[in-house]
Amino acid sequence: MKKIFIGFIRGYQKFISPLFPPSCRYYPTCSNYAVQAIQKHGAIKGSIMGMTRILRCHPFIKGGYDPVPDAFSIHHNREHQHSHSDHEHFHEH
C-alpha cells in the first residue's frame, strides 16, 4: 500500500507540479515530506502527516525546515527550525 501512495505522489511530482510555479513554504517540500512520512510511518499515518503538512503550507506561515519527525505527529517539527531561505533549492510542492 505504501508503494501505491508513493506512486501517486511521484506522479504528481513528475506531471502536475512542473505546471505550476514553486510555492511550498517548507523544506522538504510538501510532496517530499509526504513520501518520507509514508516511508517512515506507513501509508495511513504517513498520509495523514502529509495532508496536515499541506494544510499548514500557506502564505501566512513562515515555513522553513520541517523534517518528518521520528514519532507520529500532525504538528510542525519544532526541533528543527531553520530559515526558509536556507533551503531555496527545491521546486515541487
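## Basis and conventions

Helix axes are lines fitted to C-alpha atoms over the stretch in contact, and angles between N-to-C directions run from 0 to 180 degrees. The structure is a predicted model, in which local features need pLDDT of at least 70 and side-chain atom pairs count only at pLDDT 80 or more, while totals for chains, interfaces and linings use all residues. Residues are numbered from 1 along each chain as its sequence is written, and side-chain values use heavy atoms, with hydrogens and water left out.

## Overall layout

The protein has three helices and two strands, taken as DSSP runs (helices H or I, at least four residues; strands E, at least two) and numbered from the N terminus. Read from the N terminus, the order of the elements is α-β-α-α-β.

Of the 93 residues, 41% are buried, where buried means under 20% relative accessible area, exposed over 50% and partly exposed in between, with a 1.4 Å probe and protein chains only. Contact means heavy atoms within 4.5 Å. Among contacts between residues at least 6 apart in sequence, 67% join residues at least 24 apart.

## Helices H1 and H2

Two packed helices are described by the angle between their axes and the distance between the axes. For H1 (residues 2-16) and H2, the axes come within 10 Å and cross at roughly 170°. H1 and H2 are therefore roughly antiparallel; the classes are roughly parallel under 35 degrees, roughly antiparallel over 145, roughly perpendicular from 65 to 115, and oblique for the rest. On the H1 side the contact is made by Lys2, Phe5, Ile6, Ile9, Arg10, Tyr12 and Gln13, and on the H2 side by Ser31, Asn32, Ala34, Val35, Ile38 and Gln39. Sorted by class, the contact of H1 with H2 has seven nonpolar, four polar and two charged residues. Here Ala, Val, Leu, Ile, Met, Phe, Trp, Tyr, Cys and Pro count as nonpolar, Asp, Glu, Lys and Arg as charged, and the others, Gly among them, as polar.

Val35 is a residue of helix H2, and its relative accessibility of 2% makes Val35 buried. Not counting residues up to four places away in sequence, Val35 touches Ile6, Ile9 and Arg10.

## Helices H2 and H3

The axes of H2 (residues 30-41) and H3 (residues 43-56) come within 7 Å and cross at roughly 155°, so H2 and H3 are also roughly antiparallel to each other. The crossing of H2 past H3 is right-handed, meaning that the near helix is turned clockwise from the far one by less than a right angle (anticlockwise for left-handed). From H2, the residues Cys30, Tyr33, Ala34, Ala37, Ile38 and His41 meet Ala43, Lys45, Gly46, Ser47, Met49, Gly50, Arg53, Ile54 and Arg56 of H3. The class counts for the contact of H2 with H3 are eight nonpolar, four polar and three charged residues.

Gln36 also lies in helix H2 and, at 35% relative accessibility, counts as partly exposed. Apart from neighbours within four places in sequence, Gln36 is in contact with Pro28 and Val68. The C-alpha atoms of Gln36 and Met49, 13 residues apart along the chain, are separated by 9.9 Å.

A pair of aromatic rings is described by the distance of the centres and the angle of the planes. Rings of Phe, Tyr and Trp (its six-membered ring) pair if their centres lie within 6.5 Å; planes under 30 degrees apart count as stacked, over 60 as edge-to-face and the rest as tilted. By this rule the count is one aromatic pair. The rings of Tyr27 and Tyr65 have centres 6.1 Å apart and planes at 25°, so the pair is stacked. Tyr27 belongs to strand E1 (residues 26-27) and Tyr65 to strand E2 (residues 64-65), so the pair ties together parts 38 residues apart in sequence. Tyr27 is partly exposed at a relative accessible area of 24%, and Tyr65 is partly exposed at 21%.

The peptide bond from Tyr27 to Pro28 is cis, with omega near 0°. Pro28 is in the loop between E1 and H2.

## Asp66

Asp66 is found in the segment after E2 and counts as buried, with 0% relative accessibility. Leaving aside neighbours within four places in sequence, Asp66 is in contact with Tyr26, Tyr27, Pro28, Tyr33, Arg53, Arg56, His76 and Asn77. The C-alpha atoms of Asp66 and Thr29 are separated by 9.0 Å, at 37 residues apart along the chain.
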